[in-house]
Amino acid sequence: MLLAIDTSTAQIGLALYDGATVPGELVWQSRAHHTEQLAPALAGLLERVGVTMDSVKALGVAIGPGSFTSLRVGLAFVKGLTLARHLPLIGIPTLDIVAASVPLSDRKLAAVLQAGRGRLAVGWYKPTGSGWQAYGPAMTMTAEELEKKIRKPVIVCGELTAEDRHRLARKFKNVRLASPAQCVRRPGVLAEIAWNRWQAGKTDAAASLAPIYLHVAGGLPA
Amino acid sequence: MPILDAHTFEFFSKSPEQTRRLGIRLGALLQPGDLICLQGDLGAGKTTLVQGVARGWGALDEVSSPTFVLVNAYRRPNGAQLSHFDAFRVESLGEAEELDLDALLARGPLLIEWPERVEPILPVERLWAWLEYDSEEHRSMRFAARGTRYESLLDALRQTIYGAD
């Protein structure tokens, strides 16, 4: 069984995945209470599903972009489990999870999540024979800036507020907005990507796995 | 107490006790997400003001200087949190950004000492206070509000002070 944890944003997600089924999946919105809620939620999920940590043989974690504190909470938690239980660890870029839940299309895809203060973290994906492939680094921008960048037909999927949706919908000829339910970043999808990476032997070193932080103000001194 | 303009006001404190009382009144008005910046040199009364704010807000914890830990959190019995950030030892804006002030603001009000060091990463709307050492016991303070929330906060503060003094 693989345990997947995503604390990239205000949305927290937990999933158990065994290669054939998803025995448990939990998603909720937390307002800056990730530290207090994560471990009890995992204990609750394991208990409800009727398994113990002994059945967990690998860990998947979303590594961002996202918000600084919430990403750290998830990574620290997963690294603690990895080191204590000697489990393989797989880190997955958060926007890859968003992209993987969108059916492949001939359009390009903008995967987004909330980056704070009304800005979005945006990653671009193109369709390939093996699924969506990221191109270029993720960047932060407002929905207005994203709207201006869109000149060809694209799909936009991920965390969008009602305001963001309204703003992007004005480009109705070029923008296909994923529905709110499709936009939920599912930890089951993270678990599946991480499982496939694990089966392919591509694991990460716990000591060096780092979150992807997107600094907002450009040109900050390092 | 001269009013410089509608969104600014000055306060002259004659003692640490008076500074603390001003802080208590301000603290009682704070809501989650409120950002209060306290600019002033060593000895200008920042810590004394923060002690008052924490008391007025209802903190259970003792106020101490967060110079070495960067951020202190003071709790209320209902689980709410008042954060107290000292930017004096922050070495870069990137480091300050990684402290995630937005997450602290989501949990409650945030007080920042040496805010001028991290000004580019602060939300534009805020209450900014300049504190100055005048003499042994005297301190002058100027408060400026930016944004509707802070204009009404400053109005409310002004009213409690006029009403009581």
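A: First, the ground rules. This is a predicted model, in which local features need pLDDT of at least 70 and side-chain atom pairs count only at pLDDT 80 or more, while totals for chains, interfaces and linings use all residues. Residues are numbered from 1 along each chain as its sequence is written, and chains are lettered from A and ligands numbered from 1 in the order in which they are written.

Contact here means that the C-beta atoms of two residues, placed from the backbone, lie within 7 Å. A:Ala191 sits in helix H6 of chain A, residues 187-199. Helices (H or I, at least four residues) and strands (E, at least two) are DSSP runs, numbered from the N terminus. A:Ala191 is buried, because 32 other C-beta atoms lie within 10 Å. The scale is simple: 20 or more other C-beta atoms within 10 Å of its own make a residue buried, 12 or fewer make it exposed, and anything in between is partly exposed; the C-beta atoms are placed from the backbone. One of the contacts, A:Ala4, is 187 residues away along the chain, yet the two C-alpha atoms are separated by 5.0 Å.

Now the chain around it. Chain A has six helices and 11 strands. Of its 222 residues, 45% are buried. Among contacts with a separation of 6 or more, 65% link residues 24 or more positions apart. The radius of gyration is 17 Å, which agrees with the value near 17 Å for a compact globule of 222 residues. That radius is taken over C-alpha atoms, and the globule rule is 2.2 Å times the number of residues to the power 0.38. The C-alpha trace spans about 50 × 40 × 30 Å along its principal axes.

Five residues from domain 1 of chain A and seven residues from domain 2 of chain A make the contact. On the domain 1 side, one residue is nonpolar, four are polar and none is charged. In this classing, Ala, Val, Leu, Ile, Met, Phe, Trp, Tyr, Cys and Pro are nonpolar, Asp, Glu, Lys and Arg are charged, and the others, Gly among them, are polar.

Next, a helix pair. Helix H1 (residues 34-49) and helix H2 (residues 68-85) of chain A pack at about 35°, with axes 10 Å apart. Axes are lines fitted to C-alpha atoms, for helices over the stretch in contact, and angles run from 0 to 180 degrees between N-to-C directions. A:His34, A:Thr35, A:Leu38 and A:Ala39 in H1(A) meet A:Ser70, A:Val73 and A:Phe77 in H2(A). That contact has four nonpolar, three polar and no charged residues.

Some backbone details follow. Most residues other than glycine have a negative phi, and most peptide bonds are trans. The bond joining A:Gly64 and A:Pro65 is cis, with omega about 10°. A:Pro65 is in the loop between strand S4 (58-62) and H2 of chain A. A:Arg117 is not a glycine, but has a positive phi of about 50°. Its loop runs between strand S6 (108-116) and strand S7 (119-128) of chain A. A:Arg117 is exposed, with 12 other C-beta atoms within 10 Å.

Finally, the partner. In all, 14 residues of chain A are in contact with 13 residues of chain B. On the chain B side, helix H3 (93-98) and helix H4 (101-107) are the elements that give two or more residues. By class, that side has six nonpolar, two polar and five charged residues. B:Asp100 lies in the loop between H3 and H4 of chain B. Its phi is near 65°, positive in a residue other than glycine. B:Asp100 counts as buried, with 20 C-beta neighbours inside 10 Å. Chain B itself has five helices and seven strands, and 41% of its 165 residues are buried.
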